[in-house]
Amino acid sequence: MISIAPAVAGGLIVVFLVSLKPRSEVPARPNVLFIAVDDLRPELGCYGDGLVKSPNIDRLAASGLLFERAYCQQAVCSPSRTSLLTGLRPDSTRVYDLTTHFRTTVPDVVTLPQHFKNNGYVTAWWGKLYHANLTDPISWTLQGEQMEPKSNWRAYATEASKQIAARHDGAGPAFERAELPDNAYPDGKIAEKAIETLRAIRDKPNAARPFFLAVGFYKPHLPFNAPKKYWDLYQRSDFKLPTRQTPPDDAPALASTGWGELRSYAGIPAQGPLPDEQAQELIHGYHACVSYTDAQIGKVLDELKRLGLEDNTIVVLWGDHGWKLGDYGQWCKHTNFEIDTRVPLMVRVPGMKTAGQKTRALVEMVDLYPFLCDAANLPKPAHLQGDSFAPLLAKPGLAWKESALSQYPRGNDTMGYSLRTDRYRFTKWVKSDGTVVAAELYDLKKDPNSTANVAQKNAYRTLLPKLEAQLAKKRQSAL
C-alpha cells in the first residue's frame with residue numbers, strides 16, 4: 001500500500017512513504033517523465049528549423065523517436081489536454097471549451113495518470129497539465145501546484161507590467177523582457193519543483209518505484225514573458241513576417257479566427273492587422289519563450305540523468321496544439337488549419353533501437369495513452385479510442401494510420417471536423433441537425449502551406465466522396 005503526503009517547508013518537498021515494499025520486491029517497470037509544453041509549434045531545431053534555439057529538446061529528440069506528423073484533437077488547451085489525458089475524443093468527453101470539467105461529462109473515466117496510479121505508480125505533477133483550475137486530484141498520488149499566482153495568473157514579474165495589467169482587467173502587455181532569473185516566472189519554478197520531486201522519490205530509503213512525473217510548462221503561451229537573456233539569443237532582424245497574411249483562397253469565414261486571445265492584451269489593436277514592427281516584436285518574444293522553456297526542460301533532463309534514472313525512464317514531450325504567428329493574417333490557435341492542429345511529439349523508451357530517427361506516420365494525441373500503456377507493459381483500459389503507436393518505435397517507416405481527426409466548434413451549433421490524410425486536409429462544417437454549411441480541401445502535396453481551398457475545383461470532384469466516407473468512419477469511432 002502506497003501513501004504519499006506532500007508538505008512544503010522552506011521551499012523543499014517532504015515526501016512521506018508509508019508501508020512500502022523494499023525496492024528489491026518491486027517489479028522492475030520503467031518510470032515515466034511526461035513533459036507538456038503549451039502553444040509550442042513543431043518548429044524546433046530537431047524539426048529542421050535553423051533559427052530557433054532549442055538544444056535541450058533537440059538532444060531529447062536525438063535520443064528518441066520524433067514524430068513529424070502528430071495531430072491534436074482540438075486546437076485549444078482544455079479540449080486537447082482532456083482528450084489526451086482521458087484517451088477520448090472531444091465528441092466523447094463533450095469538452096469543447098475552457099470551462100467544462102470532464103468529470104461532469106464522463107465522471108468515471110480513468111485518466112492516463114490515474115491508470116498508472118492504479119497500477120502501482122507514484123504519480124505526481126507540477127505546472128499545467130489539465131487546463132487552468134480544472135485539476136483532477138484522483139489522478140495523482142502526490143498533489144502538485146500550477147505555480148501561476150492566482151491574483152496575477154499571467155505571471156508578470158515587473159511592477160510596470162503589473163500596473164498596466166491592473167488597469168486592463170489583468171491582461172497587461174503581450175510580452176515582458178527583463179533582467180530576471182529563470183525562477184522569476186512559473187516555468188523556472190516548475191523545473192525546480194520537478195527536480196525536487198525526482199530527488200525526493202529517488203533518494204528516500206525503500207522509496208516506491210516506479211514513478212509517473214508530469215511536468216507542464218506554460219511558455220510559449222501568451223504573454224511572452226521570459227528573462228532578457230533568452231530574448232538576447234536572437235536579433236530582431238532574424239524574424240520575418242509570414243509570406244501569407246490573408247486567409248486561404250476560397251476558404252469559408254468559419255475556417256478563420258479573429259484571434260481574440262491576443263487582442264485582449266494591452267496595446268494590441270481591437271481590430272485589423274498588427275503593425276509590422278509589433279508583429280515582428282511578438283514573433284521575437286515567442287521564440288524567446290521557446291528557448292526559455294527549452295532551458296527548463298534541459299534542467300529536468302539533466303537531473304534525471306544525474307540521479308541515475310535516465311536508463312529506466314520513458315520520456316515523452318508533447319505540445320497541446322500549434323499556434324499562428326501572423327500566418328494567414330491571424331494569431332493564436334482556434335482553427336482546424338494544419339498549422340494549429342499539428343503538434344510536436346517525441347518519445348524515448350529504454351532500450352529502443354531507433355534513437356535519433358524520425359517517423360512520418362500519422363499519429364494523434366489520443367494515441368499517447370495506449371502507447372504509454374504498452375511501453376510500461378500495463379493493460380489498456382477498454383474505453384480508449386486511440387491506437388498505440390508502439391510498433392513505430394521498432395519500425396518508424398511502418399505503414400500506419402490512414403488519417404488523423406481534429407475538430408473545432410464555431411458558436412453553439414456548428415462543428416468543423418477535419419481529416420488529415422497523407423496528402424490532404426479535408427474539413428467539413430456541420431450544424432447540429434446534420435446540415436453541411438461549408439467544406440475545405442487543401443492539397444498539401446501541391447500546396448504545402450494550404451493557401452487555397454480546392455473543395456469546389458473540378459479536379460477534386462471524384463475525391464470528395466471518398467474523403468467524406470473516410471471522415472464519417474473516423475467520426476463514428478469516437479462515439
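**From a hairpin to the whole chain**

Reader: Which residue in the turn of the hairpin formed by S16 and S17 has a positive phi?
Author: S16 and S17 form a hairpin with four residues between them. Strands (E, at least two residues) and helices (H or I, at least four) are DSSP runs, numbered from the N terminus. In the turn, a positive phi of about 95° belongs to Gly434.

Reader: What kind of model is this, and from which number does residue counting start?
Author: This is a predicted model, in which local features need pLDDT of at least 70 and side-chain atom pairs count only at pLDDT 80 or more, while totals for chains, interfaces and linings use all residues. Side-chain values use heavy atoms, with hydrogens and water left out, and residues along each chain, as its sequence is written, are numbered from 1.

Reader: What is the bridge partner of Ser418 in S16?
Author: S15 (residues 414-421) also pairs with S16 in the antiparallel sense, over seven bridges. A hairpin of two residues joins S15 to S16. Within S16, Ser418 has as its bridge partner Thr427.

Reader: How many of the eight residues of S16 are buried?
Author: Buried means under 20% relative accessible area, exposed over 50%, and partly exposed in between (1.4 Å probe, protein chains only). S16 (residues 424-431) is mostly covered, and its count of buried residues is seven.

Reader: Which strands stand at the edges of the open sheet?
Author: The open sheet has seven strands in the order S5-S7-S3-S9-S12-S4-S13, with mixed pairing. Each edge strand has a single partner strand, so one side of it is left without a neighbour in the sheet. The edge strands are S5 and S13.

Reader: Which residue of S7 stands opposite Val32?
Author: S3 (residues 31-37) and S7 (residues 211-217) pair in the parallel sense over six bridges. Opposite Val32 stands Phe212.

Reader: At what angle to S3 does H10 run?
Author: H10 lies across S3, S7, S9 and S12. Axes are lines fitted to C-alpha atoms, for helices over the stretch in contact (heavy atoms within 4.5 Å). Angles run from 0 to 180 degrees between N-to-C directions. For H10 and S3 the angle is about 175°.

Reader: How far apart are the end C-alpha atoms of H7?
Author: The expected span of a helix is 1.5 Å times one less than its number of residues. For the 18 residues of H7 (residues 186-203) that should be 26 Å. The distance between the end C-alpha atoms agrees, at 25 Å.

Reader: What radius of gyration does the protein have?
Author: The radius of gyration is taken over C-alpha atoms, and the globule rule is 2.2 Å times the number of residues to the power 0.38. With 479 residues, a compact globule would have a value near 23 Å. The protein agrees with this, having 22 Å.

Key:
Two strands pair if DSSP finds at least two bridges between them.
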